[in-house]
Amino acid sequence: MYEPIAGRFDGKALLVTGAGSGIGRASAVRLAAEGGKVLVHDVNADGLAETAAIITAAGGTVETRVGDITTRDECFDTVAEAVSSFGKLDVLVNVAGIASGQHFTEMTEAAYRRMVAVNQDAPFFFCQAAIPHLLESEGNIVNIASNAGLIGQAYTVAYCMTKGAVVQLTKSLAMEYVKTPLRVNAIAPGGIESSLTAGYQMPGDIDWDLVSRYAGYRGMGVPEDIAQLVSLVGSADGINIHGAILSSDRGITPG
Ligand SMILES: NC(=O)c1ccc[n+]([C@@H]2O[C@H](COP(=O)([O-])OP(=O)(O)OC[C@H]3O[C@@H](n4cnc5c(N)ncnc54)[C@H](O)[C@@H]3O)[C@@H](O)[C@H]2O)c1
């Protein structure tokens with residue numbers, strides 16, 4: 001069901017953020033299994049080492065970089081490292097993200113600023129750093145947004161705002177570069193089993209009636225559901241996909 005497509009990324013150089021677990025790990029593992037050379041990035045050194053070990057054990061090519069993407073310098077330096085390791089960059093996959101639930105009036109300034117820095121600012125700076133290289137390689141960008149960027153959700157206002165920003169980052173870049181070969185797309189997952197959702201907590205006194213509306217009827221997906229889309233969109237098979245926000249959410253957003 002989640003079989004890699006051999007050779008799909010042969011000769012390609014890729015950068016995957018948030019690769020220490022969940023969707024980022026599954027994407028990096030798949031892209032490497034499909035022949036890509038992958039620089040994996042995360043703030044979680046242990047998780048990243050595990051991802052690299054999985055790739056290496058399968059015979060793939062991987063470089064690791066541990067860092068916190070909340071500074072512009074880290075985003076630019078990571079892209080520079082990928083280019084110096086592989087000689088070029090073909091695909092940037094912006095996956096790293098954080099989520100939290102709270103009453104709107106109770107989110108602290110520090111928590112708000114961090115969420116914007118990780119979910120919104122970092123993809124912006126990664127795109128800025130990567131685009132000159134992607135124009136040279138005729139490459140592409142795959143951003144991980146969320147169903148939360150497409151619909152309003154109670155108790156996750158800041159998360160929804162940042163994912164809405166990723167949607168607009170994607171669409172606006174798609175238009176700015178529409179006359180070049182660069183492709184820019186986003187995937188909007190619904191609930192996916194990962195450390196993000198496992199550690200997700202809501203205050204005890206929320207109105208669950210508001211939350212059940214976007215929990216969906218068909219349960220959760222797994223990181224591999226999203227990794228296979230990252231692979232499709234990021235590969236030559238995605239040639240006709242540009243400026244798209246592809247939902248993979250088991251029917252949360254249509255209703
Ligand atoms: N899991 C879901 O239900 C779901 C749904 C929609 C969208 N998403 C999005 O998918 C992406 C991946 O989420 P996931 O479910 O795999 O979660 P995850 O927690 O398993 O993975 C996120 C990774 O990002 C890394 N990260 C967080 N802050 C960082 C920072 N400052 N610097 C560097 N790395 C950092 C974490 O260490 C972690 O390894 C996120 O952008 C998330 O918003 C997830």
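Modeller: A crossing of two helices is left-handed if the near helix is turned anticlockwise from the far one by less than a right angle, and right-handed if clockwise. This is a predicted model, in which local features need pLDDT of at least 70, side-chain atom pairs count only at pLDDT 80 or more, and totals for chains, interfaces and linings use all residues. Residues are numbered from 1 along each chain as its sequence is written.

Colleague: How many helices and strands are there in the chain?

Modeller: The chain has 8 helices and 7 strands (DSSP runs numbered from the N terminus: H or I of at least four residues for helices, E of at least two for strands). Its C-alpha atoms fill a box of roughly 50 × 35 × 35 Å along the principal axes.

Colleague: At what angle do helix 3 and helix 4 pack?

Modeller: Helix 3, residues 72–86, packs against helix 4, residues 109–137, at about 35°, and their axes are 8 Å apart (axes are lines fitted to C-alpha atoms, for helices over the stretch in contact, with angles from 0 to 180 degrees between N-to-C directions). Helix 3 passes helix 4 in a right-handed crossing.

Colleague: Which residues make the contact?

Modeller: From helix 3 come Arg 72, Cys 75, Phe 76, Val 79 and Val 83, and from helix 4 come Ala 122, Phe 125, Phe 126, Ala 129, Ala 130 and His 133 (contact: C-beta atoms, placed from the backbone, within 7 Å). That contact of helix 3 with helix 4 has 9 nonpolar, 1 polar and 1 charged residues (nonpolar: Ala, Val, Leu, Ile, Met, Phe, Trp, Tyr, Cys and Pro; charged: Asp, Glu, Lys and Arg; polar: the others, Gly among them).

Colleague: New topic: how do the axes of helix 1 and helix 8 cross?

Modeller: Helix 1, residues 22–33, and helix 8, residues 223–234, have axes that come within 8 Å and cross at roughly 50°. The crossing of helix 1 with helix 8 is right-handed. On the helix 1 side the contact includes Gly 22, Ile 23 and Arg 25, and on the helix 8 side Pro 223, Glu 224 and Ile 226 are among the residues involved. By class, 7 nonpolar, 4 polar and 3 charged residues make the contact of helix 1 with helix 8.

Colleague: And what about helix 1 and helix 2?

Modeller: The axes of helix 1 and helix 2, residues 45–57, come within 9 Å and cross at roughly 20°. Helix 1 also passes helix 2 in a right-handed crossing. Arg 25, Ala 28, Val 29 and Ala 32 of helix 1 meet Thr 51, Ile 54 and Ile 55 of helix 2. This contact of helix 1 with helix 2 divides into 5 nonpolar, 1 polar and 1 charged residues.

Colleague: Last one: how many residues surround the ligand?

Modeller: 29 residues surround the ligand, and the closest are Gly 18, Gly 22, Gly 97, Ser 194 and Leu 196 (near: C-beta atom, placed from the backbone, within 6 Å). Helix 1 and helix 6, residues 195–198, each supply at least two residues of that shell. By class, the shell around the ligand has 13 nonpolar, 14 polar and 2 charged residues.

Methods: Two residues are in contact if their C-beta atoms, placed from the backbone, lie within 7 Å.
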